[in-house]
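Student: I would like to learn how to read a structure that is new to me. Could you take me through a few of its features, one after another?

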There are 2 protein chains.
Amino acid sequence: MPSPPTAGLLLIGDEILSGRTKDKNLGYIADFLTGLGIDLMEARVVADIEDDIVAALNALKVRYSYVFTTGGIGPTHDDITADAVAKAFGVPIDHDPRAVAILKAHYDPGMLNEARMRMARIPQGASLIENPVSKAPGFRIGNVFVMAGVPKIMQGMLESLKPQLEGGTPMLSANVTAFIGEGDLAKPLKEIQDRYREVVIGSYPFEEQGRYGSHLVLRSRDAAKLAEAAAEVEAMTGSLKASGTVRVWS
Amino acid sequence: MPSPPTAGLLLIGDEILSGRTKDKNLGYIADFLTGLGIDLMEARVVADIEDDIVAALNALKVRYSYVFTTGGIGPTHDDITADAVAKAFGVPIDHDPRAVAILKAHYDPGMLNEARMRMARIPQGASLIENPVSKAPGFRIGNVFVMAGVPKIMQGMLESLKPQLEGGTPMLSANVTAFIGEGDLAKPLKEIQDRYREVVIGSYPFEEQGRYGSHLVLRSRDAAKLAEAAAEVEAMTGSLKASGTVRVWS
């Protein structure tokens, strides 16, 4: 199986780090990429500080197949992402005729002022990403996709750019939930993990009205191995319950 | 005014990057730190991969006053944070007698198996962070605070470690909401921003049942300057509305 494509994500904006805005883009993009068989390997959140954006972009773009950014491409003074991306790629940035045409078609003549025209500033060599919601486009340069921060607009852009992404073999997953504490199943679970190198097994504890349990999540690109490992995990939790050696919450 | 203390945050776990778990810790920790006058400057999310955790820790711990981590300190095989932290600091890791005592006091004798004892493995030189929810402690080494990933437990640990943090002058904020599009107020807003270097002004567009508007958020550690700038922003939006030159949604 060839190595799956990978991705890094850069969320840009003071409002996320101050707590004012509770980010919803990370989880959405994670689901989207997982669905395409692209492994999201890392995400970063930085403030509206040009040096920080440039440094994060430079670190991510050489490491992963794709990089996605959200935030900072609107018309106000705190929207500095396009400039930072141009800097990271060492290219000039100016009003892009294709982007200007899109804005001209969308806004009444009196409304397309200097501030809104800022949204047509695109780094040289970039292609545009269609914005089906509010028109001002995102853009792609190299392996970096630059999107808006407003979730609805970001989601629209993600749909627009989807055909440009080369997906991988889908990551499949299986879940086993048991009302057994993590500590009681950790040892047999590790034994299963050790025998299935093609499957990544995660364990996530939970508590529900005083009952403790574990969500066991198996992930693999190999459907047969996944099914085998999941059956073993299922059998293991069943035998633990039957053994009477562990405390089972019911 | 002295430089405020800064922080970096490292969220650890495959489940966040795969989309299975929608992170809630970033926003909570951001609010917590903002309340203490500590500036959260950067957050990163990495998978359960030791090299990635070590690299992120090494980058963050030299850059910020404090680093917080969440996730990966439970009893299962995918809990590798404590080992990664020991590696980042170049210190050995073993069962810590203080942590062992806590687990012994909490678990029935038959329950404290090898897997649960993994939760007492603490890097040499670290101090413990009390866990008021499920007892297995977090720990602090140098400027790095290592916490659980389960939000309720993480929140309890954050309360426990709070007295160890040196806060800064609180960051104050003021909000002005106007049913004016960002593009129509961007220019006068930037003029205000340029005159108030002690105040950071952010603009966040919103749409509400077809009405467009902007949340203008002003942040500063200088209460007088903040009030002055906020009054100017308020006056600016009022005069824009009165001028009839911009489209106002009502």
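Tutor: Let us begin with a pair of strand residues: B:S203 stands opposite B:L216, which belongs to strand 11 of chain B. This is a predicted model, in which local features need pLDDT of at least 70 and side-chain atom pairs count only at pLDDT 80 or more, while totals for chains, interfaces and linings use all residues. Residues are numbered from 1 along each chain as its sequence is written, and chains are lettered from A and ligands numbered from 1 in the order in which they are written.

Student: In which sense do strand 10 and strand 11 of chain B pair, and over how many bridges?

Tutor: Two strands pair if DSSP finds at least two bridges between them, and strands are DSSP runs of E with at least two residues, as helices are runs of H or I with at least four, numbered from the N terminus. Here strand 10 (residues 200–208) and strand 11 (residues 211–220) of chain B are antiparallel and share nine bridges. Their hairpin has two residues between the strands, and B:Q209 takes a positive phi near 45°.

Student: Which strands join chain A to chain B by bridges?

Tutor: Strand 2 of chain A runs antiparallel to strand 2 (residues 39–46) of chain B, with five bridges between them, and A:R44 has B:R44 as its bridge partner.

Student: How many residues does each chain give to the contact?

Tutor: Counting residues as in contact if their C-beta atoms, placed from the backbone, lie within 7 Å, chain A gives 48 residues and chain B gives 48 residues.

How values were computed
Contact = placed C-beta atoms within 7 Å.
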